[in-house]
Amino acid sequence: MSMNVQWTAPIPCIRTGRCRYKRLDSEEPVSKCARLSEPSSDAGFSTSPGSPVYPAPFSGTPTHQGPSRICQYLLLPVAERGGVHSALNIHTGEEYVCKVFTMATYQEKIRAHGVLSAHGNVSQIRDIVLGDQKAYVFLEKDYGDMHTFVKSRKRLGEEQASRLFRQVVRAVAHCHRAGVVLGDLKLRKFVFSDEKRTHLKLEGLEDSHVLEGNDDSMTDKHGCPAYVSPEILNGSGSYSGKQADVWSLGIMLYALLVGRYPFHDSDPGALFSKIRKGQFCLPDGLSPQARCLLRSVLRKEPAERLTAEEILIHPWFHASQEAGSAEQEAGSADQTVPAFGLEEDESPFC
């Protein structure tokens with residue numbers, strides 16, 4: 001299905017033309033991860049790998065819990081994904097995901113979609129409906145996000161992790177080639193496009209930065225603490241946005257393979273101190289290739305990290321596929337998460 005959207009201001013009307021909008025706007029503020037300098041219940045990230053980055057859910061009334069309607073779409077909030085709604089086109093029966101932005105910010109929020117060419121691991125916008133105060137952006141249907149998947153699985157075997165992580169890196173490399181830095185990169189930004197949960201797409205482009213030229217120097221300190229790189233914490237100057245993205249990729253890979261973050265603490269100051277030092281442990285059981293890749297991206301010095309393109313040619317991807325058959329025969333005890341001293345009711349994920 002084609003998208004009739006013009007990527008210059010102002011973005012024109014709705015695709016169908018039959019309905020301008022049905023007003024369902026809420027005055028709730030946009031909810032974002034806290035700035036690193038601000039206190040936050042998520043600051044230590046002992047229980048959560050990310051907080052919502054999308055506008056807060058809207059509803060007809062403060063107590064309204066059922067579906068809402070905007071134009072030809074029925075919308076229903078998605079549990080555990082703030083500001084994200086499942087959407088049904090009542091005319092065609094097609095299903096989508098809907099995100100809601102303020103009219104003042106939505107063009108900037110979707111700007112990266114206009115810069116990127118089509119890619120199999122990046123979600124595409126399918127429709128935009130404009131209201132008086134809100135813009136409703138419809139994307140391809142998904143089957144849950146990576147954060148929820150890893151939370152349910154605890155950790156992944158190397159064969160499965162390599163198949164999924166390769167798709168994550170492909171999406172990031174595609175963005176970097178086009179001059180787009182993801183910024184607040186994390187597991188929650190990737191969603192499954194199939195019921196079997198084998199195919200991933202990057203959905204969260206709202207916090208990305210479109211570069212002007214080849215310089216990827218950035219000063220923005222916004223991000224979720226568990227994923228923030230040492231150079232962002234170590235000074236007030238600029239840093240390489242692409243190299244910071246690679247650090248976040250390393251955090252994601254560690255979470256996939258180990259089932260927790262390499263740096264975690266309930267106290268924000270202690271967490272940031274661990275990240276600044278850049279020292280982490282690798283549990284027994286990881287293959288030499290996996291250990292090599294993790295150490296090649298989670299490097300304290302940004303210039304020493306692999307680029308997204310270089311990650312894609314790392315031998316771990318080939319080696320993990322060769323070991324897949326043996327991994328499938330491993331007993332369930334080999335697939336469990338090490339205790340790491342957690343209490344019975346404590347989890348490395350929220």
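In the predicted model, helix H4 passes helix H6 in a right-handed crossing. The axes of H4 (residues 158–177) and H6 (residues 241–258) come within 10 Å and cross at roughly 165°. The two helices are therefore roughly antiparallel, since the angle is over 145 degrees.

Arg177 forms a salt bridge with Glu309, with 2.3 Å between the closest N and O atoms. The partners are 132 residues apart, Arg177 in helix H4 and Glu309 in helix H9 (residues 308–312), so that the pair links distant parts of the chain. Arg177 is exposed, because its relative accessible area is 52%, whereas Glu309 counts as partly exposed at 37% relative accessibility.

A search of the whole structure finds 13 salt bridges. One of them joins the side chains of Asp184 and Lys186, with an N to O distance of 3.3 Å; both Asp184 and Lys186 are buried. Another salt bridge pairs Lys274 with Asp265 at 3.1 Å, N to O. Lys274 has a relative accessibility of 34% and therefore counts as partly exposed. Salt bridges also link Lys99, Glu203 and Glu206 in a network.

Leu74 counts as partly exposed because its relative accessibility is 33%.

Technical notes
Residues numbered from 1 in each chain as written. Predicted model: local features only at pLDDT ≥ 70, side-chain atom pairs only at ≥ 80, totals over all residues. Heavy atoms only, no water. Buried < 20%, exposed > 50% of the residue type's maximum accessible area, 1.4 Å probe, protein only. Axes fitted to C-alpha atoms, helices over the stretch in contact; angles between N-to-C directions. Helix = DSSP H or I, 4+ residues; strand = E, 2+ residues; numbered from the N terminus. Parallel < 35°, antiparallel > 145°, perpendicular 65-115°, else oblique. Left-handed = near helix turned anticlockwise from the far one by under 90°. Salt bridge = Lys/Arg side-chain N within 4 Å of Asp/Glu carboxyl O.
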